[in-house]
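The sequence and structure follow.

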Amino acid sequence: MFVLELSYTAPLDAVDAVIPAHVAWLDEQYEKGFFLASGRKNPRDGGVILAVAKDRARIEEIAAGDPFVAAGVCTYRITEFLATKTAPELERHRQTLG
């Protein structure tokens with residue numbers, strides 16, 4: 001499992017101009033089963049995405065496809081973690097140590 005932290009690198013008017021394309025891209029990733037949750041940070045200086053994939057390389061590839069990245073309005077920080085405890089709704093993503 002991965003936490004993707006987006007940090008805006010441009011003024012909000014530049015970010016807002018790309019929001020429709022970013023939201024369409026988010027929808028695609030949800031449909032493909034990669035994203036579990038997402039939203040803006042508060043204060044609004046970026047966002048957070050909770051994602052799943054078989055490996056970090058795949059997540060990096062997905063993040064690179066974000067229209068925010070293509071427009072140069074954000075950077076990503078990707079953190080991988082082992083989800084050893086989850087809510088029942090996320091049980092299929094639970095991992096074991098060892």
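Pro43 sits in the loop between strand E2 (35–40) and strand E3 (46–51); helices (H or I, at least four residues) and strands (E, at least two) are DSSP runs, numbered from the N terminus. The model is predicted: local features need pLDDT of at least 70, side-chain atom pairs count only at pLDDT 80 or more, and totals for chains, interfaces and linings use all residues. Residues are numbered from 1 along each chain as its sequence is written, and side-chain values use heavy atoms, with hydrogens and water left out.

The Asn42 to Pro43 peptide bond is cis, with omega near 10°. Most peptide bonds are trans. A hairpin of five residues joins E2 to E3. The two strands, E2 and E3, pair in the antiparallel sense over five bridges; pairing requires that DSSP finds at least two bridges between two strands. Gly39 is opposite Val48 in E3.

In helix H1 (residues 12–31) lies Gln29, which is buried at a relative accessible area of 5%. Buried means under 20% relative accessible area, exposed over 50%, partly exposed in between (1.4 Å probe, protein chains only). Beyond its neighbours within four places in sequence, Gln29 is in contact (heavy atoms within 4.5 Å) with Phe34, Phe35 and Ile62.
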